[in-house]
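Here is a short report on one protein chain. Look at the fold as a whole before turning to the details.

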Amino acid sequence: MPRSAPITFLATLVALPVAALVVAGCGGGGSATPTPPKTADGRPATLGVGSVGLGKILVNSRARTLYLFKKDSGTTSSCFGACAANWPPLRARGAPTVGSGAKASLVATTMRSDAKAQVTYNGHPLYTFSGDEKAGDTNGEGVNAFGGNWYAVDPSGNQIVTSTSTGY
């Protein structure tokens, strides 16, 4: 064995943990993990604003990304059955509560065909995505599924459009 082999081996042992720290520090593409929204008095809110890789977006009480469906017509949802299983509607018991960053004047509810209320924001019914595994995930952004495109919602109630779009 050449004399340089132990030094190369030791250098590799030192380099691996350093490389792992660098990769971990990258944070998966610069996305952040938002915290669950709270009302002004500290109670959990139905929705609020969180910061993720896409920027500031609406999130639900578990800090999960909220989406709008372009196929919806005004406040009327077009997402039922298999669609609603993949894109669960945001529900609220009673009046929805609003957390920091969201505008209470833009929050309302609409009645779905199952006679249950769905939360709307700026006239858009809101949904989560079953493909988002944790708070901060935005896997539904730009997806074309169930006859329309899905987009995360910004605090003013508009869709966030990225350059990528995928089929589902």
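Predicted model: local features only at pLDDT ≥ 70, side-chain atom pairs only at ≥ 80, totals over all residues.

## Contacts and overall make-up

Of the 168 residues, 38% are buried. The accessible surface comes to about 9,100 Å². Carbon and sulfur atoms account for 58% of that surface.

The protein has three helices and nine strands. Read from the N terminus, the order is α-α-β-β-β-α-β-β-β-β-β-β.

## The β1–β2 hairpin

Strands β1 (residues 47–52) and β2 (residues 55–60) run antiparallel, joined by six bridges. A hairpin of two residues connects β1 to β2. Within this pairing, V49 sits opposite L58 of β2.

## Aromatic pairs

The structure contains six aromatic pairs. One of them is F69 with W150, a stacked pair at 3.9 Å centre to centre, with 10° between the planes. This pair links distant parts of the chain: F69 is in β3 (residues 67–69) and W150 in β8 (residues 148–152), 81 residues apart. F69 counts as buried because its relative accessibility is 3%, under the 20% cut-off. W150 is buried too, at 0%.

W150 also pairs with Y127, this time edge-to-face: 5.1 Å centre to centre, 85° between the planes. Y127 lies in the loop between β6 (124–125) and β7 (143–145), while W150 is in β8, so the pair ties together parts 23 residues apart in sequence. Both Y127 and W150 are buried.

## The ring cluster

Which residues do ring pairs link into a cluster? They are Y67, F69, W87, Y127, F129 and W150.

Technical notes: Residues numbered from 1 in each chain as written. Heavy atoms only, no water. Pairing = 2+ DSSP bridges. Helix = DSSP H or I, 4+ residues; strand = E, 2+ residues; numbered from the N terminus. Buried < 20%, exposed > 50% of the residue type's maximum accessible area, 1.4 Å probe, protein only. Areas by Shrake-Rupley, 256 points an atom, 1.4 Å probe, with all protein chains shown as cover. Phe/Tyr/Trp six-rings, centres within 6.5 Å; stacked < 30°, edge-to-face > 60°.
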